[in-house]
Amino acid sequence: MSDIDVVDLTVPAYASQASNYGSSTRRAQGDGAFHGALVTAVRPDSPAYDAGIEPGMYVSRVNREPLTDMIVWLWEADEDEVELEVFDPSDSTTASCVLERFPGEDWGLTFNDAVFDGMRTCVNACVFCFMTMLPRESRKTLTIRDDDYRLSFLQGNFVTLTNMSDEDVENVISKNLSPMNVSIHAVTPEVRRRLIGRNAVRGMEVLELLMAAGIEIHAQIVLCPGLNDGEELARTLEYCEAHPQVTSLGIVPLGFTKHQSRFTSSYSHDPALARAVVEQVRPYQDRAFERFGRHTFQLSDEFFIAARLDPPPADFYDGYPQFYDGIGMIRSYLDDTDAVLRNPSRMVAVRDILRDRGFELLVLSGEAARPTVARFIEDESLAGKVTDIKNRYFGGNVNVTGLLTAEDILEQLPQDLGGVMLILPEVMFNASGLTLDGYHREQLLQSLEKRGGAVRVAPTTPAELLDFLEEDPLLQH
């Protein structure tokens with residue numbers, strides 16, 4: 001790299017205290033050192049390109065601040081001039097340079113992750129922690145218990161706030177890192193201690209400080225029968241009702257696997273209990289709507305499935321602020337289905353071409369979603385079939401599509417898939433194309449194609465799936 005002074009890179013004090021889980025920066029070096037943000041791509045003719053920065057280098061400081069995460073980058077690199085220190089692992093030197101850009105131009109840098117100094121991991125002992133209920137043979141990356149406030153702001157992860165230092169709190173407040181996604185679970189000290197562990201008090205202290213400073217909160221409760229429901233749920237709802245900074249509160253039911261002995265049932269086993277939760281929350285929703293024009297208190301889809309109730313209409317979900325927490329997905333799917341069915345001609349065309357090619361459409365889903373998915377797939381306009389896969393890998397009450405495994409699919413589908421176009425939901429694969437039980441997407445596809453089927457990985461929503469089918473080469477005229 002061109003440019004000037006070779007400097008001594010000082011590691012920030014807290015970097016040595018942060019867990020190295022998930023730190024690709026450290027893994028790449030193999031020496032446990034913190035070198036900053038790994039550059040994975042540089043846009044040609046960009047300010048970074050002109051300065052000689054190349055993929056494989058590390059931006060270690062920005063405006064003399066250690067580049068520990070994307071928050072530092074977004075904060076410090078917001079102007080049209082920025083000073084960088086860049087570490088080159090090829091010769092273990094650090095050079096400084098100044099980048100300039102035109103208004104609105106990006107710097108041309110792509111980094112490897114959102115945090116660069118190691119992910120902050122959980123210091124709690126939550127009785128309902130799903131990570132502790134995974135099979136022994138699970139990949140190590142699946143058992144990482146992240147609890148990093150930076151990922152709460154950057155990626156929407158829910159955090160307990162229990163591992164935050166005073167300096168961390170000041171960082172959130174001074175930079176106005178809002179909204180934050182916070183797991184509350186309960187407000188009574190002894191209940192929180194029983195649910196979370198000895199650090200529970202710190203979480204409420206930090207939450208109070210953040211709300212007092214005007215930080216918006218998207219909150220979450222994992223509701224456990226006999227632990228934080230009933231009267232304790234009422235206390236938690238009242239606490240959130242008294243704090244307008246809590247603009248959404250997602251309530252999700254306890255999920256458990258067969259790989260533990262603590263739980264044997266949840267709301268999915270008791271429709272009356274699930275219905276009681278729906279009824280308990282409703283007055284808080286109504287009062288919130290009267291005060292703020294939003295319902296604030298949101299129940300996950302599992303409660304409505306368990307209670308055998310239709311989910312509320314779309315406007316009840318306040319724009320779906322916790323959609324990827326499983327709140328409002330069914331309503332969104334049903335509305336999408338209704339919109340597509342208003343003009344079924346496209347579905348009929350796909351159905352007829354499939355028949356002409358000698359194929360039957362078969363879509364996989366988890367047990368919980370099957371009735372919802374069938375509303376679209378099994379409509380006479382498309383005339384496909386939905387097969388729900390029982391989750392024997394995890395067991396317990398795990399029944400959602402996103403947690404399907406290759407092992408269960410291979411075991412439960414017939415050996416002869418001749419004449420079948422099989423749709424695997426893309427949500428069962430991670431960004432690397434792996435299933436939760438460690439199969440790569442291509443490995444699973446090849447195994448199923450040997451059974452004679454035309455196998456596809458596709459989006460699951462009606463409109464996107466219909467687009468996907470129309471563009472499939474097999475269905476082209």
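Predicted model: local features only at pLDDT ≥ 70, side-chain atom pairs only at ≥ 80, totals over all residues.
**Entry: D147.** Is D147 buried or exposed? I read 2% relative accessibility for D147, and the cut-off for buried is under 20%, so D147 counts as buried. I then looked up what touches D147, leaving aside its neighbours within four places in sequence. I found R120, T121, C122 and N124 on the list. F158, V159, T160, L161, T162 and N163 are on it as well. I also checked D147 against L445, which is 298 residues away in sequence. Their C-alpha atoms are 34 Å apart in space.

**Entry: L161.** L161 came up among the contacts of D147, so I looked at it next. I find L161 in the loop between α4 (149-155) and α5. L161 is buried, with a relative accessible area of 1%. Its phi is positive, about 75°, although L161 is not a glycine.

**Entry: H185.** I looked up another positive phi. H185 has phi near 70°, and H185 is a residue other than glycine. I place H185 in the loop between β7 and α6. At 3% relative accessibility, H185 counts as buried.

**Entry: a cis bond.** Which peptide bond did I note as cis? The bond from S178 to P179 is cis, and its omega is near 5°. I find P179 in the loop between α5 (166-174) and β7 (180-183).

**Entry: the whole chain.** I stepped back to the overall picture. How many helices and strands does the chain have? I count 16 helices and 14 strands. The chain has 477 residues, and a compact globule of that length would have a radius of gyration near 23 Å. I read 25 Å for the chain, which agrees. Along the principal axes, the C-alpha atoms fill a box of roughly 70 × 60 × 45 Å. Buried residues make up 52% of the 477 residues.

I looked at contacts between residues at least 6 apart in sequence. Of these, 68% join residues at least 24 apart. The chain exposes about 21800 Å². Carbon and sulfur atoms supply 49% of that area. For charges, I have 42 positive and 74 negative. Their mean positions are 8 Å apart.

**Entry: domains.** I find the chain divided into domain 1 (33-111), domain 2 (130-327) and domain 3 (335-471). The C-alpha centres of domain 2 and domain 3 lie 31 Å apart. The contact between these two takes 19 residues from domain 2 and 16 residues from domain 3.

**Entry: helix α13.** I moved on to α13 (residues 370-377). Here T372, V373, A374, F376 and I377 are buried. I looked for what covers them, and found that the cover includes α11 (329-341), α12 (345-356) and α16 (462-471). The strands β11 (360-366) and β12 (385-389) are also part of the cover.

**Entry: E302.** I find E302 in helix α10 (residues 301-307). At 32% relative accessibility, E302 counts as partly exposed. Leaving aside its neighbours within four places in sequence, E302 is in contact with P253, G326 and V400. E302 and I330 are 28 residues apart in sequence. In space, their C-alpha atoms are 9.5 Å apart.

**Entry: S90.** Where does S90 sit? I place S90 in the loop between β4 (81-88) and β5 (93-100). Its relative accessible area is 64%, and exposed means over 50%, so S90 is exposed. I also checked S90 against G56, 34 residues away along the chain. Their C-alpha atoms are separated by 8.9 Å.

Conventions:
Residues numbered from 1 in each chain as written. Heavy atoms only, no water. Helix = DSSP H or I, 4+ residues; strand = E, 2+ residues; numbered from the N terminus. Rg over C-alpha atoms; globule rule 2.2 N^0.38 Å. Buried < 20%, exposed > 50% of the residue type's maximum accessible area, 1.4 Å probe, protein only. Contact = heavy atoms within 4.5 Å. Areas by Shrake-Rupley, 256 points an atom, 1.4 Å probe, with all protein chains shown as cover. Lys, Arg positive; Asp, Glu negative; His and termini not counted. Charge placed at Lys NZ, Arg CZ, Asp CG, Glu CD. Domains from an automatic or database assignment.
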